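I opened this model to look up its pockets, its nonpolar core and one of its helices. My notes follow in the order in which I looked.

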Amino acid sequence: MKMLVKRYKYFLVLLVINIVVYDLYPSVGQTSIDITWSNTVEMLSVIPPIFILLGLLDVWVQRETMIKLMGEKSGILGILIAFFLGSAAAGPLYAAFPIAGVLLQKGSRFSNVLIFIGAWSTTKIPMLLFEASAMGWKFMITRFVIDIPGIMLIAYVTERLLNEKEKQYIYDSAGR
């Protein structure tokens, strides 16, 4: 029982807060419960397919292949693959992190994983098409051209700022 409480302490704290808010301010509490339910349904519709894809990635792609394609010596190919994987992805950003963990487990270079996360968050193809139709092609291309070097700069600066012990901690946290 103690282990369950410890494991779900944040959930339980939020549940208590929701109950208190609902008791003190019923309309605000109901809105909070509705939003919580909506977010839960969204996560339950996104997370299972992501884990299925992760399982397939883990089984189908050998570690040696991933090291060759996205590892330390992958060069421009690793960068392009990271951008493609992130840009072609669908779903909210929180779905990128389990995939990033598998990429780290498989031996991907740390900066390539950061590029993947950056591309997922800013250069998704469906988002670019929507942006072009809503804001115009000129705006979309300008933002895209600025984002690509920005993502790469952030990834490489972050990789350089972390020492080997910190990077190893991140790799170990991912299960490598």
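**Pockets, core and a helix**

I looked up the largest pocket and noted a volume of about 340 Å³. The model is a predicted one, in which local features need pLDDT of at least 70 and side-chain atom pairs count only at pLDDT 80 or more, while totals for chains, interfaces and linings use all residues. Residues are numbered from 1 along each chain as its sequence is written, and side-chain values use heavy atoms, with hydrogens and water left out.

For my own reference, a pocket is an open set of points on a 1 Å grid over the protein atoms alone, where a 1.4 Å probe fits, with protein on both sides within 12 Å along at least five of seven lines; its lining residues have an atom within 4 Å of a point. A volume is the space filled by probe spheres set on the points, which are joined across faces, edges and corners.

I found that 16 residues line the largest pocket, and that L57, L85, I99, L103 and F116 lie nearest its centre. By class, this lining has 16 nonpolar, no polar and no charged residues (Ala, Val, Leu, Ile, Met, Phe, Trp, Tyr, Cys and Pro count as nonpolar, Asp, Glu, Lys and Arg as charged, and the others, Gly among them, as polar). Of the helices (DSSP runs of H or I, at least four residues, numbered from the N terminus), α5 gives the most to this lining, with 4 residues.

I then turned to the second largest pocket, which holds about 250 Å³ of space. Its lining has 6 nonpolar, 3 polar and no charged residues, and α2 (9-24) supplies the largest share, 5 residues.

Leaving aside residues up to four places away in sequence, F116 is in contact (heavy atoms within 4.5 Å) with A82, L85, G86, A96, I99, A100 and L103.

Last, I asked why α6 is largely enclosed by the rest of the structure. The reason is that 7 of its 10 residues are buried, meaning under 20% relative accessible area with a 1.4 Å probe and protein chains only. The cover over the buried residues of α6 includes α3, α4, α7 and α10 (164-173).

How values were computed
Buried < 20%, exposed > 50% of the residue type's maximum accessible area, 1.4 Å probe, protein only. Helix = DSSP H or I, 4+ residues; strand = E, 2+ residues; numbered from the N terminus.
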